[in-house]
Amino acid sequence: MHTLRVHKAGNSLNLRLPKEAANALRVSEGDTVYLTETTNGDYRITAFDPEFERQMALAEKGMRQYRNALRELAK
């Protein structure tokens with residue numbers, strides 16, 4: 001477990017990730033991370049966009065459903 005300290009920068013509050021956490025998340029300076037709320041009210045920091053994942057799941061469902069039509073359009 002890592003303890004993070006909150007730092008003030010202008011009107012914003014910042015968290016600094018330890019090197020080990022940044023490596024585990026595969027992020028570096030300038031990358032975007034996402035803070036999501038879990039079903040039990042906790043928060044989680046992730047390096048992927050949960051909304052994008054949801055949209056891709058819907059796209060994959062549509063591609064399976066219309067597989068034959070998409071094959072014909074690709075010709």
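Read from one end of the sequence to the other, the protein follows the pattern β-β-α-β-β-α-α, and its secondary structure comes to three helices and four strands. The model described here is a predicted one.

The overall dimensions were considered next. The C-alpha atoms fill a box of roughly 55 × 30 × 30 Å when this is taken along the principal axes. The radius of gyration of the protein is 19 Å, whereas a compact globule of 75 residues would have a value near 11 Å. Buried residues make up 8% of the 75 residues in the protein.

A nonpolar surface patch of about 830 Å² is made by Leu-4, Val-6, Leu-13, Leu-15, Leu-17, Val-33, Leu-35, Tyr-43 and Ile-45. The elements that give two or more residues to this nonpolar patch are strand E2, which covers residues 12–15, and strand E4, which covers residues 43–46. Leu-35, one of the residues that make the nonpolar patch, is found in strand E3, which spans residues 34–37. Leu-35 is classed as exposed because its relative accessible area is 59%, and exposed residues are those with a value over 50%.

Key: Residues are numbered from 1 along each chain as its sequence is written. This is a predicted model: local features need pLDDT of at least 70, side-chain atom pairs count only at pLDDT 80 or more; totals for chains, interfaces and linings use all residues. Side-chain values use heavy atoms; hydrogens and water are left out. Patches are made of residues with over 30% relative accessible area and no salt bridge: like charges are joined within 9 Å, nonpolar side chains (Val, Leu, Ile, Met, Phe, Trp, Tyr) within 5 Å. Accessible areas come from the Shrake-Rupley method with a 1.4 Å probe; for residues, only the protein chains shown count as cover. A salt bridge is a side-chain nitrogen of Lys or Arg within 4 Å of a carboxyl oxygen of Asp or Glu. Buried means under 20% relative accessible area, exposed over 50%, partly exposed in between (1.4 Å probe, protein chains only). The radius of gyration is taken over C-alpha atoms; the globule rule is 2.2 Å times the number of residues to the power 0.38.
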